[in-house]
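Work through the exercises below with the sequence and the structure in view. Each task is followed by a solution in steps.

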Amino acid sequence: MHLYGVTWADYLRLLEIRGDCSAPRITYLEGTLEIMSPSRTHDEIKSYIGRLVEAWCLERGIEFTPNGSWTLKDKREERGAEADECYVFGPEPKRKRRPDLAIEVIWTSGGIDKLNVYRKLGVGEVWYWENGHVQVYVLRGARYDAVAASETLAGIDLEQLVSFLDRPTASQAIRDYRAALRGA
């Protein structure tokens with residue numbers, strides 16, 4: 001659902017009404033408001049991807065903090081968004097005002113361009129999962145560049161990661177992925 005001519009105050013009021021729930025997801029861009037209710041399949045995919053990212057980090061000794069659908073907003077830039085999953089990497093996550101990585105699962109088309117939202121919010125890297133493939137975008141100055149591999153998690157093989165999304169349970173996907181990472 002899209003609403004037009006929405007003020008910043010209206011956007012903040014909707015966030016307040018929704019409270020700490022992660023659904024519906026609300027995106028705001030310069031007067032346009034998008035309200036999305038993720039499906040079970042959408043949420044399953046984003047959760048599997050997130051758990052596999054966490055498994056990769058654990059195997060590589062990388063400190064991470066998951067922040068789920070952290071609401072990012074900036075009044076001056078007139079934008080706000082909530083990633084499907086997002087992460088801060090490093091030993092002091094509380095010092096960071098923005099996630100290092102936002103993950104978006106694209107299930108429908110025609111919505112607000114989240115890259116345009118994230119760009120001015122300062123999110124360094126965004127992954128878009130769509131139709132079994134992850135496309136990585138890295139913020140370079142004032143724009144995102146599509147790149148072949150993650151720079152935030154250098155060395156992660158996203159094709160390999162995505163190949164484990166077909167497991168019947170998240171726990172099976174994690175076990176199988178960790179075994180593959182260990183070369184078993």
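**Exercise 1.** Is W8 buried or exposed?

Solution. Buried means under 20% relative accessible area, exposed over 50%, and partly exposed in between, with a 1.4 Å probe and protein chains only. W8 has a relative accessible area of 13%, so W8 is buried. The model is predicted: local features need pLDDT of at least 70, side-chain atom pairs count only at pLDDT 80 or more, and totals for chains, interfaces and linings use all residues. Residues are numbered from 1 along each chain as its sequence is written, and side-chain values use heavy atoms, with hydrogens and water left out.

**Exercise 2.** Classify the ring pairs that Y28 forms with W8 and with Y11.

Solution. Step 1: rings of Phe, Tyr and Trp (its six-membered ring) pair if their centres lie within 6.5 Å; planes under 30 degrees apart count as stacked, over 60 as edge-to-face and the rest as tilted. The structure holds seven aromatic pairs.

Step 1: W8 and Y28 have ring centres 5.5 Å apart and planes at 70°, so this pair is edge-to-face. It links distant parts of the chain, with W8 in helix α1 (residues 8-18) and Y28 in strand β2 (residues 25-29), 20 residues apart. Helices (H or I, at least four residues) and strands (E, at least two) are DSSP runs, numbered from the N terminus.

Step 2: Y28 is buried, at 1% relative accessible area. The rings of Y11 and Y28 have centres 4.9 Å apart and planes at 15°, so they are stacked. Y11 lies in helix α1, 17 residues from Y28, and is buried at 0%.

Step 3: ring pairs join W8, Y11 and Y28 into a cluster.

**Exercise 3.** At what angle do the axes of helix α2 and helix α5 cross?

Solution. Axes are lines fitted to C-alpha atoms, for helices over the stretch in contact, and angles run from 0 to 180 degrees between N-to-C directions. The axes of α2 (residues 40-60) and α5 (residues 170-181) cross at roughly 35° and come within 10 Å.
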